[in-house]
Amino acid sequence: MASASHCSFSNNGQFLANCGTDGKLKIWETSTNRLKQEFVPNLHLQSPCSSLGWIVVGTQHSSTSPWKKRRKKSMSEDAECKEIIAMGSTNGTITLYDISTSTISDQLLNGHSSSVTAVTWSPVAGLFTAAEDKHIVEWDLQEKAVKCKWKSGKGKVTSLAVLPEGKSLLSGERTIKWWDLETKQVIGTFTGHANQVNALCCAKINSETNYLISSANGDDFLSVWSLNEAQKDMVPVATLTLPDEALSFSVRTMKDSQIWILSVTRSGHAQLFKYQANGVSPKPIKPTLNVMVAAEAGQKESVQQIPIIVAELAEDGKMILAFGSFLGLTIEKVVPDFSDKVQCLVRNDQRKMKEKKEVNATKVKNPISDDAEYITAGAEESTAMKRSKSGKAAQLPFKLRLENLSLDTDASTSDGAATKGQSMSQLLAQALQSEDKTMLANALYIKKENVIKNTVAKLPVQLIIPLIKQLTKMLEGGKTYPSQIAVMWLKALVMTHAAQMISDPRIDDALAPIMSYIEGKAALLPDLIKLKGRVDLVVDQFSQRAEKSGKDITEECLLVYEDQDSSDEDIYTGKVESASESDNWDETSDRSFNNEEVENQKSNDDLSICSSD
């Protein structure tokens, strides 16, 4: 199986091993679906596991006695089937863990000087490892020493695969290199992935035809390469499309030269491909079957998906699916159903099943005695309830009860905080026992940390597990405000009752949903950080554009032309017109006056002439 994480099935599919970020090695048995072993390596925090792979080791012995010979032969056969886990660490050490004895059998030293990035094993060629020091090491498992070591190139190798005949090796960087193990020279180079190649797996068709399947970080497809010696194609012969990035995949050669590829994507689905090795496929190949797992839903609940973590193809063509979380893992062998394109498996959620069993076990009613006295927190001896003649307990005044349960009362007194915590602890205890939603909301939705601490300090230890279950429901709701409140309660609970929680055997099952929820949110953190960075870039660009658009345009112009105002032009034109009219009037008046003088002169001349006559 090719995997991009520290999780891998054994060569026969009998076991599943995972080494998490906490450094713990966990091994499940696939047939019984149970956690078989759990091992914490020495100095697991200083040099945690960086890569993981399965190998098979065994030695043969010779003896002169026929009986001893047969006995040694049977022992050697058992030894040949011994499964060993090879774990590469960040300090360059290879640790061999024997699952038959549950101990570390050997350690391979002096091979790498930095973190181990890839581990692969072949029954013919042996064990090979690669590290960040840009070297590939071939190990001698009998001598526990380096057999050969050579430089891989300029890039860091993150995946390795040995061809079935054991004569050549494939290493994945951004490109895939094909090495000859005898000469340690590159036979060919395959280019087609833009990112770092994280998984390689070979499929053998016959003695002369082999194919390689590869995946890379961030790619939503698998590439199929031909390893024919006569052809040596440098480009993929087929592309298998996926709905999301591939986390791991398994390859199995079936009848009629057909290759089955079972891939698990980041979305928690599994895609099964049937690739017929008959040349180059120009179009991308879609999955033949899409497998998903869903949880059983009640009448008022929504359908929830159970993510598939890793999958393996068995020799009989069945699918070995591991789904859920590593805190509550479920392994099941499923027969592919090709009658439809989607095969949905409805299974019980193990976390909810455990919660229901514990709730049914805790629903026990205690008998109430008539002679019991109910003491209210915050009430002094003088205000203690006394029984009346009828035998019933006298009730406290309503005002006093409200003050005891109020969260807004003045806590300046010496015992104010203690009184609040004690009253709230009683309210919380009643809400947890009755499971009333209104009471739970009033008791849990508190913003004051000191009140939460005092309430948790006064809470009975029997109610720790029910409180954790209610906080788990608040976290699984997916809303921000309830999640913040739940985190405050969990913090106070761990700081106050850590010793009690460690000693309780039920705490693992109670905290399993919270741990899986945190792991799921932590897996989304890198993508959210990338998204935040891109959003910040876009916002900065918009702000810069807004600043540019808001600037005065005259600051950037070399020449500015200001046209005259239309109002000034009208005033100026009006003055000119009025002046011209007055001038014309003067001229006409002068002309008329002159004409009158000429006529008068003429009339005088005529009169003078007449008088002379």
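Q: Which residue in strand 13 does Asp 140 stand opposite?
A: Asp 140 stands opposite Ala 145 in strand 13. The model is predicted; local features need pLDDT of at least 70, side-chain atom pairs count only at pLDDT 80 or more, and totals for chains, interfaces and linings use all residues. Residues are numbered from 1 along each chain as its sequence is written, and side-chain values use heavy atoms, with hydrogens and water left out.

Q: What makes strand 12 and strand 13 a pair?
A: Strands pair if DSSP finds at least two bridges between them; strands (E, at least two residues) and helices (H or I, at least four) are DSSP runs numbered from the N terminus. Strand 12 and strand 13 (residues 145-151) are joined by six bridges in the antiparallel sense, so they pair under the definition. Four residues lie between these strands in their hairpin, where Lys 144 takes a positive phi near 55 degrees.

Q: How do you know that strand 11 and strand 12 pair?
A: Four antiparallel bridges link strand 11 (residues 126-131) to strand 12 (residues 135-140). Thr 129 has Val 137 of strand 12 as its bridge partner. Their hairpin has three residues between the strands, and Lys 134 has a positive phi near 65 degrees there.

Q: Why is helix 6 called oblique to helix 8?
A: Helix 6 (residues 449-458) and helix 8 (residues 480-496) pack at about 45 degrees, their axes being 9 Å apart. Axes are lines fitted to C-alpha atoms, for helices over the stretch in contact, and angles run from 0 to 180 degrees between N-to-C directions. Angles under 35 degrees count as roughly parallel, over 145 as roughly antiparallel, 65 to 115 as roughly perpendicular and the rest as oblique. Helix 6 is therefore oblique to helix 8. By class, their contact (heavy atoms within 4.5 Å) has seven nonpolar, two polar and two charged residues.

Q: Why is helix 7 called roughly antiparallel to helix 8?
A: Helix 7 (residues 464-476) packs against helix 8 at an angle of about 155 degrees, with the axes 8 Å apart. That angle makes helix 7 roughly antiparallel to helix 8.

Q: Why should residues 570-583 be read with caution?
A: pLDDT is the predictor's confidence in each residue, from 0 to 100. Over residues 570-583 the pLDDT stays under 50, and the model has zero contacts there beyond four places in sequence. Where pLDDT is low, the predicted coordinates should not be read in detail. The chain averages a pLDDT of 77, and 70% of the residues score at least 70.

Definitions and conventions
Nonpolar A, V, L, I, M, F, W, Y, C, P; charged D, E, K, R; others polar.
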